[in-house]
Amino acid sequence: MRFGGKGVGILTDFSLTQEIIDHIKKNRAFGLIDLLERPSLTQFEQLLFVALRWFGYSQVLPDMENRFLSLITVLETFLTREGGSPITAQISESVPLMFDVELQRRLRMKKDLQELYALRGKISHHGSRAVLYSDFSRLHDIVREFLGAMIEYSPKFRTKDDLLKWIEQRRLGG
């Protein structure tokens with residue numbers, strides 16, 4: 001199939017090959033299309049769209065600090081519980097549990113998230129304007145993979161509480 005028009009940039013012709021279609025179907029975000037057609041969504045599915053909105057902000061906001069805070073907000077959307085342990089611990093201990101990776105990688109991810117969340121505190125509470133692109137990029141990679149996992153796991157959870165209970169079970173070895 002060929003799409004496009006006459007011109008340059010987004011107006012140039014392009015071919016939609018079977019290879020491209022297969023790649024799109026493998027993308028975990030493709031499953032969200034089905035959700036858009038549903039008459040009602042579970043609380044967890046609604047959270048997915050809230051988180052995706054924040055992720056979108058992280059791509060388009062003009063300043064690095066607000067882009068960084070938007071990525072943090074994606075994680076907070078799913079993983080924070082009022083009256084629970086400190087938010088840094090909730091996020092840094094929960095995110096690595098979403099991935100089936102070796103222990104050393106999970107420990108490294110936890111340490112990265114602790115450092116990145118500390119930077120969030122400096123921005124939010126002290127007005128720091130010192131977000132390095134490398135910090136943004138590190139957080140972006142983690143959040144992108146986390147969102148992919150949330151999309152993949154979405155049929156498993158109806159509520160945020162379902163997710164948090166599942167994480168607690170994993171934390172305790174279940």
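## A walk through the helices

Start by selecting Val 95, which touches Leu 75, Leu 79, Met 109, Leu 113, Ile 142 and Phe 146, leaving out residues up to four places away in sequence. Contact here means heavy atoms within 4.5 Å. Before going on, note that this is a predicted model, where local features need pLDDT of at least 70, side-chain atom pairs count only at pLDDT 80 or more, and totals for chains, interfaces and linings use all residues. Residues are numbered from 1 along each chain as its sequence is written, and side-chain values use heavy atoms, with hydrogens and water left out.

**Zoom out to the whole chain**

Colour by secondary structure and you'll find eight helices and two strands. From the N terminus on, the order is β-β-α-α-α-α-α-α-α-α. Helices (H or I, at least four residues) and strands (E, at least two) are DSSP runs, numbered from the N terminus. Of the 174 residues, 39% count as buried; buried means under 20% relative accessible area, exposed over 50%, and partly exposed in between (1.4 Å probe, protein chains only). Among contacts with a separation of 6 or more, 60% come from residues 24 or more positions apart.

**Into the core**

Now show the largest nonpolar core, which has 43 residues. Such a core is a set of buried Ala, Val, Leu, Ile, Met, Phe, Trp, Tyr and Cys residues joined through side-chain atoms within 4.5 Å. Which members touch the most others? Pick out Phe 78, Val 95, Met 98, Leu 139, Phe 146, Met 150 and Leu 163. The elements giving two or more residues to this core are helix 2 (32-36), helix 3, helix 4, helix 6, helix 7 and helix 8 (160-171). Helix 7 gives the most, with 10 residues.

**Helix 3 against helix 4**

Select residues 43-60 for helix 3 and 64-79 for helix 4: their axes come within 7 Å and cross at roughly 170°. Axes are lines fitted to C-alpha atoms, for helices over the stretch in contact, and angles run from 0 to 180 degrees between N-to-C directions. Helix 3 and helix 4 are therefore roughly antiparallel. The cut-offs are under 35 degrees for roughly parallel, over 145 for roughly antiparallel and 65 to 115 for roughly perpendicular, with the rest oblique.

To see the contact, show these side chains:

- from helix 3, Phe 44, Leu 47, Leu 48, Val 50, Ala 51, Trp 54, Phe 55, Tyr 57, Ser 58 and Gln 59
- from helix 4, Arg 67, Ser 70, Leu 71, Thr 73, Val 74, Thr 77 and Phe 78

The residues of this contact split into 11 nonpolar, five polar and one charged. In this scheme Ala, Val, Leu, Ile, Met, Phe, Trp, Tyr, Cys and Pro are nonpolar, Asp, Glu, Lys and Arg are charged, and the others, Gly among them, are polar.

**Helix 4 against helix 8**

Glu 76, Thr 77, Phe 78 and Leu 79 of helix 4 meet Lys 160, Leu 163, Leu 164 and Ile 167 of helix 8. By class, that contact has five nonpolar, one polar and two charged residues.

**A stop at Arg 120**

Next, find Arg 120 in helix 6. Is Arg 120 buried or exposed? With a relative accessible area of 18%, Arg 120 is buried. Apart from neighbours within four places in sequence, Arg 120 is in contact with Phe 68, Leu 69, Ile 72, Glu 76 and His 125.

**Salt bridges**

The structure holds 14 salt bridges, each a side-chain nitrogen of Lys or Arg within 4 Å of a carboxyl oxygen of Asp or Glu. Arg 38 is partly exposed at 42% relative accessibility, while Glu 45 is buried at 6%.

Then move to helix 6 (residues 103-126), where Glu 115 and Lys 111 sit four residues apart, about one turn of the helix. Their salt bridge is 3.0 Å, N to O.

In helix 7 (residues 133-153), Arg 144 and Asp 141 lie three residues apart, again about one turn. Their closest N and O atoms are 3.3 Å apart. Arg 144 is partly exposed at 39%, and Asp 141 is partly exposed at 36%. Finally, select Lys 111, Asp 112, Glu 115, Asp 135 and Arg 138, which salt bridges with shared partners join into one network.

**Last stop: the loop**

End at Ala 130, in the loop between helix 6 and helix 7. Ala 130 is partly exposed, at 48%, and touches Glu 65 and Leu 119, not counting residues up to four places away in sequence.
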